[in-house]
Amino acid sequence: MSSVRLESVSKHFGDVVAVDEIELEVEDRELLVLVGPSGCGKSTTLRMIAGLEQPTAGTISIGGRDVTDVDAMDRNIAMVFQNYALYPHMNVFRNMAFGLQMRKVAREEVRTRVTEAARSLGIDGLLERRPAQLSGGERQRVALGRAIVRDPEVFLLDEPLSNLDAKLRVSMRSELVNLRRGLGATMVYVTHDQVEAMTMGDRIVVMHQGRIHQVGPPQQVYFKPANRFVAEFIGNPPMNIIRGRIENDSDRPVLVAGEARIPLSGELGQAASKVVEVDFGVRPEDLRLDEADGEVQATVKGTQFLGSEYLVDLDLGGPQLLARIEGHGEFGIDQPCRVAVDLSRAHLFDPETGDRL
Amino acid sequence: MPGESHPPKSSTPLAGLGRCAAWVLLLVAATAAILPLYWMTTGSLKLQSDAMKTPPEWFPENPTTANYEKLFGGEDGGAWEGRRPAARWLLNSLLVAASISFSAVLTSALAGYALGKLSFPGRAVAFWLVVATMMLPRQVSLIPLYLLVVGFDWMDSYPGLIAPFLCYPFGIFLVRQFMMQVPDELLAAARIDGAGPWRVFWHIVLPMSRPALGAVAIFSFMGAWNEYLWQLIVTNRPEMYTLPVGVSKLVSTLSEFDLGLAMAGATVAFLPMLAVFVMFQKYFVQGVSVGALKG
């Protein structure tokens with residue numbers, strides 16, 4: 001059992017609140033991804049789990065044991081750092097063996113475990129090399145190997161792929177997922193890259209300004225964002241958010257934003273009936289340019305060709321929207337068009353609190 | 001060598017001229033640096049009569065080891081109780097310089113680690129105190145140190161020669177600056193790997209700081225080797241003299257100034273320093289650049 005539990009954990013650096021009373025549970029064998037913009041407190045949270053930072057308040061337990069006051073060296077966790085943190089004066093073998101040697105594991109066993117871990121990562125031919133003689137991808141594997149070899153209760157990964165080039169990052173991503181499946185390990189993974197979070201995590205924790213905004217599986221976070229921040233942060237390009245007011249048009253709520261009038265129905269309509277002003281959110285892929293059924297009049301203001309799709313900037317006579325249109329098409333600048341909104345996938349947020357309505 | 005990069009060769013006449021000028025300048029500078037050493041070494045192989053010749057003899061016509069024989073206990077041995085004085089002085093100098101250098105490396109490494117990588121109340125004050133001692137003129141501490149040494153009854157003893165230099169503030173400063181460049185993640189990784197502060201220091205920080213420690217070893221060895229004033233003050237008995245003190249006393253006690261003998265003494269004093277420099281040249285250059293890059 002190697003779950004991790006954070007109860008009312010806070011971290012203050014002087015007057016700055018880096019982490020603000022968070023509650024979090026990482027289940028056994030789960031890959032939990034902490035995601036958020038720079039300075040949101042995700043790395044501080046990870047470092048507190050590692051024992052590298054002492055929480056200002058709250059308790060942290062690993063595998064049911066309260067480790068709040070336990071030193072990093074006694075927590076039986078392994079961590080992979082963003083810049084790998086390989087010991088430059090040691091070769092790959094010694095880098096991987098260091099943790100075992102510090103724990104006084106027998107020499108023969110150290111050799112066996114390092115060799116096995118190196119083989120599983122495909123770096124068994126590099127054991128005599130120093131970190132400076134390795135490529136970025138190889139260093140990444142050594143850093144992972146150093147963690148694996150210790151067979152820890154929990155793996156903590158702090159933006160481990162962010163120093164790799166885009167192509168390598170994609171392949172390492174799936175390797176990491178496979179590796180985790182093979183190890184059956186509990187992992188806490190920190191990233192600012194929401195694509196990484198979506199593709200790797202069993203659950204995602206979206207953080208902002210030291211607080212947790214949403215915890216859930218990637219699909220839930222994407223399709224049912226808890227608030228405006230999550231809606232805008234998760235998804236690329238981000239969700240369109242336009243501010244409007246609700247009017248009644250023959251007993252049916254209508255969102256009025258600029259010159260656009262979007263009739264609301266179903267869940268959205270019910271939510272809208274309670275408020276006057278809302279933030280309306282819709283993802284670019286949930287907009288269609290449809291001359292026949294499109295209920296909103298718009299003007300094309302620009303296009304970006306992405307190969308299999310276009311990003312089209314639309315002006316709704318005030319509010320601006322970005323639409324992701326699949327296939328091929330001709331879009332002239334200032335060309336008028338009609339836009340259909342998939343209301344089953346649209347969201348309403350409270351303009352004051354940002355919460356989902 | 002693979003991976004070694006060379007600057008691209010320029011083919012324009014102007015660049016060629018610039019290179020030529022640089023060579024000439026370097027040649028002049030190198031000659032200016034080497035000439036005194038050459039004069040010293042060749043002078044040590046001349047008799048007094050040849051050494052004082054006008055015009056000077058650039059290459060010794062009758063090279064002789066007489067000066068070295070005299071220095072290491074030849075005909076003047078009687079004046080120094082029949083011992084081989086220079087050999088003893090050389091040994092004294094080596095012992096003193098090596099002890100000071102070893103101690104400077106040890107204390108600089110420990111203090112540098114504490115001031116650069118550990119957090120404790122008063123760390124900044126402690127660091128600035130160390131830096132402040134570097135600002136004090138040498139002469140300020142001379143009398144208090146002398147009184148201390150007398151108080152401890154350490155006159156004419158190795159502790160008297162060594163103890164005042166056990167800590168080397170510049171070394172602490174240098175090592176601290178260097179250790180600050182060791183990424184914190186490495187220390188964190190080592191802690192997570194199960195190493196406590198001492199093991200982190202011993203297994204990670206110390207091996208990574210070798211360039212700075214090498215530089216401290218050289219600087220402190222050089223400082224101790226060339227130290228003259230303090231060693232002159234605390235030694236009265238000839239067998240406790242260090243080489244610079246001994247040679248100067250030997251030369252000054254003779255009825256007539258002996259240039260050849262003085263040159264031989266200087267050459268003997270210079271050779272171990274040259275050997276140390278050649279051996280640790282890499283660290284010396286790296287050590288100098290440590291301060292240049294960050295500090």
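## Surface patch on chain B

In this predicted model, Leu35(B) belongs to helix α1 of chain B, which covers residues 13-43; helices (H or I, at least four residues) and strands (E, at least two) are DSSP runs numbered from the N terminus. Together with Ile34(B), Tyr38(B), Trp58(B) and Phe59(B), Leu35(B) makes a nonpolar surface patch of about 550 Å². The relative accessible area of Leu35(B) is 41%, so this residue counts as partly exposed (buried means under 20%, exposed over 50%, partly exposed in between, with a 1.4 Å probe and protein chains only).

Patches consist of residues with over 30% relative accessible area and no salt bridge, with like charges joined within 9 Å and nonpolar side chains (Val, Leu, Ile, Met, Phe, Trp, Tyr) within 5 Å.

## Backbone features of chain A

Asn236(A) and Pro237(A) are joined by a cis peptide bond with omega of about -5°, and Pro237(A) sits in the loop between α8 (228-233) and β11 (240-249).

Two residues other than glycine have positive phi: Ser8(A), with a value near 45°, and Asp334(A), with about 65°. Ser8(A) lies in strand β1 (residues 4-13), whereas Asp334(A) is found in the loop between β18 (320-326) and β19 (336-341). Ser8(A) is partly exposed at a relative accessible area of 30%, and Asp334(A) is partly exposed at 46%.

## Basis of the values

Residues are numbered from 1 along each chain as its sequence is written, and chains are lettered from A in the order in which they are written. Local features need pLDDT of at least 70 and side-chain atom pairs count only at pLDDT 80 or more, while side-chain values use heavy atoms, leaving out hydrogens and water.

How values were computed. Accessible areas come from the Shrake-Rupley method with a 1.4 Å probe; for residues, only the protein chains shown count as cover. A salt bridge is a side-chain nitrogen of Lys or Arg within 4 Å of a carboxyl oxygen of Asp or Glu.
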